[in-house]
Amino acid sequence: SSHHVHAAGDRDGLAGDIGAVVRCQQRNDPGVIFRLAHALERHQGFLDAFVPVTFLGNHDTTRIASLLADIRHLPHALVVLFGVGGTPVVYAGDEQAFRGMKYEREHGDDEVRPPFPARPEELSSLGRTTFLLHQRLIAFRRERPWLTRAGTAVTTLTNTTLVCVSGSQDGADRIAFALSLEDEDVALPLPEGSWAVAEGDAAL
């Protein structure tokens, strides 16, 4: 569907809403898809030498939910985070879609380090959808430990769409995720194989 990406898995199947954003995105960046493709290529170079820690934010950066020009791309960024090689880390509060800007001034990081409520049930319900998506993606990742050292290749790239395949080192397993910035539904090609949608409302 529009502004959603659905992952599919060959043999096993990944899916999820995924999108076109990495930490380097600036608001309304028309080249974000190509920036993401370049970042994934650079990331692959790291994986050839070691397993990097991957994240969308930390205590010294603007919250990812505040950084995005379109909040619909937050699930997109999460699926990229959990769908490529490395050791993904989530900064506390990002799983609830906390907002907060980082400023270069005294107390400039106060917004990104807010106090938490005493009990989880006191959290705002506004972050519930993002929290549940984190749970599903983390569970998906745990079931596929080979993703830690997976290689990711871009198979389709346009101004507004991207399709990637992440595969195990022995070639036995792979997942695919496709993303679009279009407001309308789009048809995107997957590499040859027997794919199945694991999550989302995509049609294959």
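Student: How many salt bridges does the structure hold?
Tutor: The structure holds eight salt bridges. A salt bridge is a side-chain nitrogen of Lys or Arg within 4 Å of a carboxyl oxygen of Asp or Glu. This is a predicted model, where local features need pLDDT of at least 70 and side-chain atom pairs count only at pLDDT 80 or more, while totals for chains, interfaces and linings use all residues. Residues are numbered from 1 along each chain as its sequence is written, and side-chain values use heavy atoms, with hydrogens and water left out.

Student: Which side chain meets aspartate 60 in a salt bridge?
Tutor: That of arginine 113, at 3.1 Å from N to O. Aspartate 60 sits in the loop between β2 (53-55) and α2 (64-67), and arginine 113 in the loop between β3 (87-89) and α4 (128-142), so the pair ties together parts that are 53 residues apart in sequence. Helices (H or I, at least four residues) and strands (E, at least two) are DSSP runs, numbered from the N terminus.

Student: What else does arginine 113 form a salt bridge with?
Tutor: Aspartate 109, with the closest N and O atoms 3.1 Å apart. Shared partners join Asp60, Asp109 and Arg113 into one network of salt bridges.

Student: Is aspartate 109 buried or exposed?
Tutor: Aspartate 109 is buried, because its relative accessible area is 16%. Buried means under 20% relative accessible area, exposed means over 50%, and partly exposed is in between (1.4 Å probe, protein chains only). Aspartate 60, at 38%, counts as partly exposed, and so does arginine 113, at 41%.

Student: And what does arginine 72 meet in a salt bridge?
Tutor: The side chain of aspartate 70, at 2.8 Å from N to O. Arginine 72 is partly exposed at 40% relative accessibility, while aspartate 70 counts as buried at 18%.

Student: New topic. How many residues of helix α3 are buried?
Tutor: Nine of the 10 residues in α3 (residues 74-83) are buried. Among them are Leu74, His76, Val79 and Phe82. Histidine 76 has a relative accessible area of 0%.

Student: How far apart in space are histidine 76 and alanine 178?
Tutor: They are 9.4 Å apart, C-alpha to C-alpha, and 102 residues apart in sequence.

Student: What about cavities, how many are of 30 Å³ or more?
Tutor: One. On a 1 Å grid over the protein atoms alone, a cavity is a set of points where a 1.4 Å probe fits but cannot get out, and lining residues have an atom within 4 Å of a point. The largest cavity holds about 50 Å³ of space.

Student: Which residues line the largest cavity?
Tutor: The lining includes Leu56, Gly57, Leu78, Leu81, Tyr91 and His134. Leu78 and Leu81 are also among the buried residues of α3.

Student: Last one: which residues make the nonpolar surface patch?
Tutor: Phe34, Val154 and Leu157 make a patch of about 220 Å². Patches are made of residues with over 30% relative accessible area and no salt bridge, with like charges joined within 9 Å and nonpolar side chains (Val, Leu, Ile, Met, Phe, Trp, Tyr) within 5 Å. Accessible areas come from the Shrake-Rupley method with a 1.4 Å probe. Phenylalanine 34 lies in helix α1 (residues 32-47) and counts as partly exposed at 38% relative accessibility.

Technical notes:
On a 1 Å grid over the protein atoms alone, a cavity is a set of points where a 1.4 Å probe fits but cannot get out, and a pocket is an open set with protein on both sides within 12 Å along at least five of seven lines; lining residues have an atom within 4 Å of a point. Grid points are joined across faces, edges and corners, and a volume is the space filled by probe spheres set on the points.
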